[in-house]
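Here are a few exercises to work through with the model open beside you. Try each task before reading its solution.

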Amino acid sequence: MTIQPAAPVPENIPTVTGTHTAAHARGADLRKLALGALGVVYGDIGTSPLYAIRECVTAPHGVGPTPDNILGILSLVFWSLTLVISIKYLLFVTRADNQGEGGVLALLALVARPARSDAGKRALGLAFLGLFGAALLYGDGMITPAISVLSAVEGLAVATKTFNPVVVPLTCAILIALFLVQKRGTGGIGTVFGAVTFIWFGAIAAAGLPHVIRHPEVLHAINPIHAFRFFAHHGVHGFLVLGSVVLCITGGEALYADMGHFGRRAIKVAWYAVVFPALLINYFGQGALLLEHPEATNPFYAMVPSGWLYPMVAIATIAAVVASQALISGAFSLTRQAIQLGYAPRMTIVHTSGKTEGQIYIPEVNGLLMVSCVLLVLGFQESGRLAHAYGIAVTGTMAITSVLFFFVARERWNWSVWRAGGLVALFLLFDLAFFAACVTKIASGGWFPLVIATGVFAVMTTWKRGRGVLGAKISSQTLPIELFIADVERSKPPRVKGTAVFLTSTRRGIPNVLLHHFKHNKVLHEQVVILCIATDTVPEVAEGQRIHFKNFGYGFWAMTAHYGFMETPDVPELLRLCVRDGLKVNSGDTSYYVGRETLVLVRDRNLSFWRKRLFRFLSRNSRAASDFFALPPNRVVEIGTQIEL
């Protein structure tokens with residue numbers, strides 16, 4: 001039987017209270033946290049000036065760079081950053097934290113807690129909605145490194161057309177190098193992320209400020225009347241420009257997802273003190289440049305004096321790598337959450353730091369992202385074309401976050417339906433407008449993140465459903481533990497020295513792996529521990545609440561170990577913690593028994609046949625339980641069995 005982390009907290013099991021260990025909870029200096037947030041949280045949104053304004057004034061989705069159009073676009077950019085980032089995320093959404101953690105899966109886990117008894121179909125619908133939002137983030141995670149690095153390297157072609165042939169190969173080389181160093185961990189380069197991004201924000205502000213000073217009339221765009229006039233003049237096409245304007249807020253969801261690393265306060269300080277002013281100065285500077293030079297094809301690099309162009313390309317490339325790193329690390333974290341919550345098969349999780357829990361590396365995800373990013377660059381060739389694929393994933397996730405926020409506000413904070421509904425309706429007005437504008441770009445590239453999201457969603461739902469069906473079959477074949485112990489007492493089989501730990505995915509009864517072991521070997525160890533790993537809907541579980549077990553006598557123990565969805569189980573460490581509660585285990589004479597089932601597919605109504613095939617494929621290729629649970633490889637015994645699915 002393949003061991004899988006249990007589903008999130010069944011109704012008959014009390015929710016375990018978590019404890020969050022983020023840096024802000026440890027009293028770290030706020031300025032250091034804010035500096036760190038610059039690199040990790042704001043890397044994505046910080047590199048948007050490389051291409052956002054350019055796409056707004058470039059055909060086919062943009063408009064001509066006339067003075068009225070420029071003021072309208074700048075007004076849309078200003079109010080998008082203000083309403084979506086400053087108000088929606090920083091003022092409201094970041095308050096919906098799950099023990100300090102943010103992100104769509106953390107929010108889904110928060111909504112999934114049994115606060116009300118009338119869950120039913122609505123809870124299932126919210127679960128599907130949240131899962132699709134998480135799936136969309138994988139598409140975003142593939143596009144962001146590709147477009148960020150490609151748009152930065154394209155600055156070389158602004159200096160001279162001689163560099164045109166090397167832009168794509170150089171971009172691919174940088175991306176491959178970035179993914180190859182992931183296995184070394186982000187600890188070493190992570191310490192300079194904040195400093196590099198701080199320099200980047202200073203550089204883009206310095207580039208834009210002289211142009212704003214020369215054309216202060218661009219500041220009139222703060223008046224929203226210019227945005228309304230823009231829509232009134234351009235009609236439907238003005239609405240479609242939102243598909244390019246949205247590029248300036250594509251890092252909003254990453255801001256929320258990375259909240260657990262730095263804390264809400266540090267993220268707000270970084271935004272208002274550095275990020276927001278620098279972005280506005282640069283965007284308004286690009287608008288001022290276009291007033292003077294409407295023929296500029298790349299307004300970001302056109303602002304930079306010729307003597308500083310190459311240094312700016314270098315800084316932009318480094319900033320793009322930092323932004324890419326944040327998305328890659330986020331994909332690793334999201335995958336671990338999905339595994340722990342039972343939505344993805346086990347994968348290799350390598351901890352790259354002995355001090356920081358959040359620094360992990362998942363080679364399977366890393367390889368998939370690397371191949372996808374390189375293929376995107378080779379397929380689209382230009383960041384302008386790649387921008388057509390960008391936006392639909394993040395705007396879809398933003399809309400899903402707004403819907404989940406409504407239920408958190410209603411059920412966790414007891415807001416009235418009018419208060420919560422009115423606020424979320426305002427959020428959705430922007431989210432859905434941006435999403436609808438991006439839908440028009442499906443044919444020219446927007447199909448890519450949707451295809452990725454659909455595939456990831458199919459995997460998540462199939463694995464979750466398949467584990468449920470398989471778990472029900474296994475549970476129906478289990479024997480009550482009291483009945484088994486009573487039979488052992490009567491038959492008095494030989495007991496050998498040592499401890500046998502049997503891992504199981506069910507909390508009750510004797511697991512099949514123990515029954516098969518006893519049936520074939522006719523002996524038992526002096527101590528028999530039946531261990532179930534349960535994942536709770538909190539990021540982390542306090543050590544004092546980690547273990548719940550019962551001594552049945554006659555050498556039998558049943559144990560349930562609770563972990564948060566941001567944690568990785570370590571079975572040997574669990575057994576060491578049990579010493580204080582009376583279970584004495586000698587690691588030298590402890591054996592670990594795990595099951596590995598061979599699935600025999602049959603046609604029934606439990607699961608569609610294509611899902612059964614997919615589930616069997618995922619099960620065959622999932623990481624071995626001995627690796628995932630950190631079991632000593634020379635002390636593991638696997639027992640196979642056939643199960644009809």
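Helices (H or I, at least four residues) and strands (E, at least two) are DSSP runs, numbered from the N terminus. This is a predicted model, in which local features need pLDDT of at least 70, side-chain atom pairs count only at pLDDT 80 or more, and totals for chains, interfaces and linings use all residues. Residues are numbered from 1 along each chain as its sequence is written, and side-chain values use heavy atoms, with hydrogens and water left out.

**Exercise 1. Find the buried residues of helix α24 (residues 512–521), and list elements that cover them.**

Solution. Start with the cut-offs: buried means under 20% relative accessible area, exposed over 50%, and partly exposed in between (1.4 Å probe, protein chains only). By that rule N512, V513, L514, H517 and F518 are the buried residues of α24. Next, look for contacts, meaning heavy atoms within 4.5 Å. The cover includes the helices α22 (442–476) and α23 (481–491), along with the strands β3 (495–504), β4 (524–535), β7 (590–600) and β8 (636–644). Finally, step just past α24: K522 there takes a positive phi of about 60°.

**Exercise 2. Describe the ring geometry of F484 and F518.**

Solution. Rings of Phe, Tyr and Trp (its six-membered ring) pair if their centres lie within 6.5 Å; planes under 30 degrees apart count as stacked, over 60 as edge-to-face and the rest as tilted. The centres of F484 and F518 are 5.7 Å apart and the planes stand at 80°, so this pair is edge-to-face. It links distant parts of the chain, with F484 in helix α23 and F518 in helix α24, 34 residues apart. Both F484 and F518 are buried.

**Exercise 3. Which helices hold F128 and F457?**

Solution. Begin with the count, which comes to 20 aromatic pairs. One of them is F128 with F457, edge-to-face at 5.9 Å centre to centre and 80° between the planes. F128 lies in helix α6 and F457 in helix α22, so the pair ties together parts that are 329 residues apart in sequence. F128 counts as partly exposed because its relative accessibility is 40%.

**Exercise 4. Is L378 buried or partly exposed, and why?**

Solution. Locate L378 in helix α18 (residues 363–380). Its relative accessibility is 44%, so L378 counts as partly exposed.
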